[in-house]
Amino acid sequence: MSLATICGVTLLRSLIISILGVLLSRPLSHLINAGHSKRAFLLLILILAPFLVPELIVGYAWSLISLKLVHYPLLIELIYSSLVLLKVVPVGIVCFYFSSPFISTEADYIRKSVNSNSTQLSDLKTHWSFFLWKHVLPSLPVGALLFLLAFQEFEMASLIYRDSWMVWIFDAQAGGVPISETVSFLTGPLLIELVVIVGVLYFLSRIRLQPRLDQLSNVKKTSFSSTLQSWGYVLAAFLVVVVIPFSLTGWGGVISLGSLFQNQLQLTETLRECTWGLVYGVTSAIAAWGMAAFFFSRNQPRQLKILGFLFCLPGLCGSLTLSIVMANLFLTESGHWLYDTPLAFFIALVLFLFPRAVFLKLIILASQENDSLFLTRLLSRSKNHTQSQSGGHLHWSVNGKMQYWAVVLLAFWAYWDVTISSILAPNNTMTSSIRLYGLMHYGQNSVLSAMTFLSFCIPVLISLLFFPIVRKLWMTVSDRSTMNETF
């Protein structure tokens, strides 16, 4: 099948997934709790879990099922599309929750309460205008984001053997096609992505002057049946994308960990590759988060924020496009000596993570209340040591904890990246995701499941281990800054 045909198939699939994702995520957004309690945090994890599970693990788990259905390609396509849909819906839920509505609840109530045909609020044009501004226009940016996520999905499509433009180009590049020729393959997919991105930016610039409404005050009260259906979907998505993959791989991995630990060479290679993945992931995540904090702080001028959005473009175009373009830039007479160094890999990871860091930064800014932040900072600067210490604890709970988990999430995404690592990572610093991706194409076995399970547990355990350490450092720095300001 030609690249143009496969690109068209991916385009149609992604368009359908984005439309269904918008229709599903809008009514599910009321499930999010805006509080800072442990219950609200666990609820958010349950909703976001299908998106947070690496595609490599989901594709590996479901690949065995797809092989048994090899004679039913339509059923395999339905399984793959459903998996992608379940993974992108949590992003839509978060976007709808934090986005401001264009039509207030009061205005919509007035329109519905007027039934007279003689009024201007009851004619067809007004009904269509209300429908457009209430449902269609607010869904366009969210739908575009879901489209890009579905259009750029790679690992599951490769392991389940589904047609995707990223798989076609990646296989061509891995098969020995010169990088200069591979760049030419990106013309069609890149044009589609740029049309979507530029269209959304133009739309957002046109509605920038519209009055902003309080999104939290416009949340509707849902019925018990609607809430029950929403919870049914969330639990079903958690079962399909989280429970089933980890039950298929995690259980076999736990049983075979003993065999993996006995093979010292295999264990050493796995730990070394996981270490390199952590090093690249943590450093690139901190750099991307620092850039997002610099460009998108509350008091930054609009020109600097526009520049920040321009820096988001390479990452929004996808990891494969970014890595191939970076490789083409470094494989020149002036830059070839830097190609086999960590520099190109690090820059590509930072650019890939930057739009995700901006997304997380904007979510944190939208969820924070200025009054709460001001009061915690004021309390932490108190001359009374007990009050200043309490202020530091509150500031960590309101601001520091969310920043820590945002950096952890960015590092986790970089740790499990396959395309950038495969194309740009130096040979002596290969990450675990590359070797796991290659081995997963040969089928499932207990040792590979153990390696996958161990590779997943290492970053999770390290993030949990460093949480109290970072919290202590945060408190120490906060106390020292308070003492410097006092004296």
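Start with Arg-162 and Glu-77: their side chains meet in a salt bridge, with 3.2 Å from N to O. Arg-162 sits in the loop between α7 (155-159) and α8 (165-174), while Glu-77 belongs to helix α4 (residues 73-98), so this pair ties together parts that are 85 residues apart in sequence. Both partners are tucked away from the surface: Arg-162 is buried, and so is Glu-77. Keep in mind that we're looking at a predicted model.

What lets two side chains pair up like this? Side chains of opposite charge can pair when their charged atoms come close.

## The whole chain at a glance

Now zoom out. The protein chain has 20 helices and zero strands. It runs to 487 residues, and 46% of them count as buried. Its accessible surface comes to about 24,900 Å², and 68% of that belongs to carbon and sulfur atoms.

Glu-273 has a relative accessible area of 6%, so it is buried. Arg-435 has 22% relative accessibility and therefore counts as partly exposed. Back with our opening pair, salt bridges that share partners join Arg-13, Glu-77 and Arg-162 into one network.

Arg-272 and Glu-269 also form a salt bridge through their side chains, at 3.0 Å from N to O. Why are these two separated by about one helical turn? Because they are three residues apart in helix α12. Arg-272 is partly exposed, at 32% relative accessibility, and Glu-269 is partly exposed too, at 27%.

## Leu-271, another residue of α12

Leu-271 also lies in helix α12, which covers residues 264-295. Is Leu-271 buried, exposed or partly exposed? Its relative accessible area is 37%, so it is partly exposed.

Leave aside the neighbours within four places in sequence, and Leu-271 is in contact with Leu-454 and Ile-458. Here's another pairing to find in the structure: Leu-271 and Thr-431 are 160 residues apart in sequence, yet their C-alpha atoms are 9.7 Å apart in space.

## A helix with a bend

Where does α11 bend? Look at Ser-256: the helix bends there by about 45 degrees.

Ala-406 itself is found in helix α17 (residues 385-415), and at 6% relative accessibility it counts as buried. The C-alpha atoms of Ala-406 and Lys-361 are separated by 8.2 Å, although these residues are 45 apart along the chain.

Thr-321 is part of helix α14 (residues 319-330). Its relative accessible area is 5%, so Thr-321 is buried. Setting aside neighbours within four places in sequence, Thr-321 is in contact with Trp-165, Leu-186, Leu-190 and Glu-193.

## A nonpolar patch on the outside

Finally, head for the surface. Leu-12, Leu-15, Ile-16, Ile-19, Leu-20 and Leu-23 form a nonpolar patch there, and together they have about 570 Å² of accessible area.

Leu-12, one of the patch residues, is found in helix α1 (residues 3-28). Is Leu-12 buried or exposed? The cut-off for exposed is over 50%, and Leu-12 counts as exposed because its relative accessibility is 51%.

Technical notes: Residues are numbered from 1 along each chain as its sequence is written. This is a predicted model: local features need pLDDT of at least 70, side-chain atom pairs count only at pLDDT 80 or more; totals for chains, interfaces and linings use all residues. Side-chain values use heavy atoms; hydrogens and water are left out. The bend at a residue is the angle between axes fitted to the seven residues ending there and the seven starting there. Helices (H or I, at least four residues) and strands (E, at least two) are DSSP runs, numbered from the N terminus. Buried means under 20% relative accessible area, exposed over 50%, partly exposed in between (1.4 Å probe, protein chains only). Contact means heavy atoms within 4.5 Å. Patches are made of residues with over 30% relative accessible area and no salt bridge: like charges are joined within 9 Å, nonpolar side chains (Val, Leu, Ile, Met, Phe, Trp, Tyr) within 5 Å. Accessible areas come from the Shrake-Rupley method with a 1.4 Å probe; for residues, only the protein chains shown count as cover. A salt bridge is a side-chain nitrogen of Lys or Arg within 4 Å of a carboxyl oxygen of Asp or Glu.
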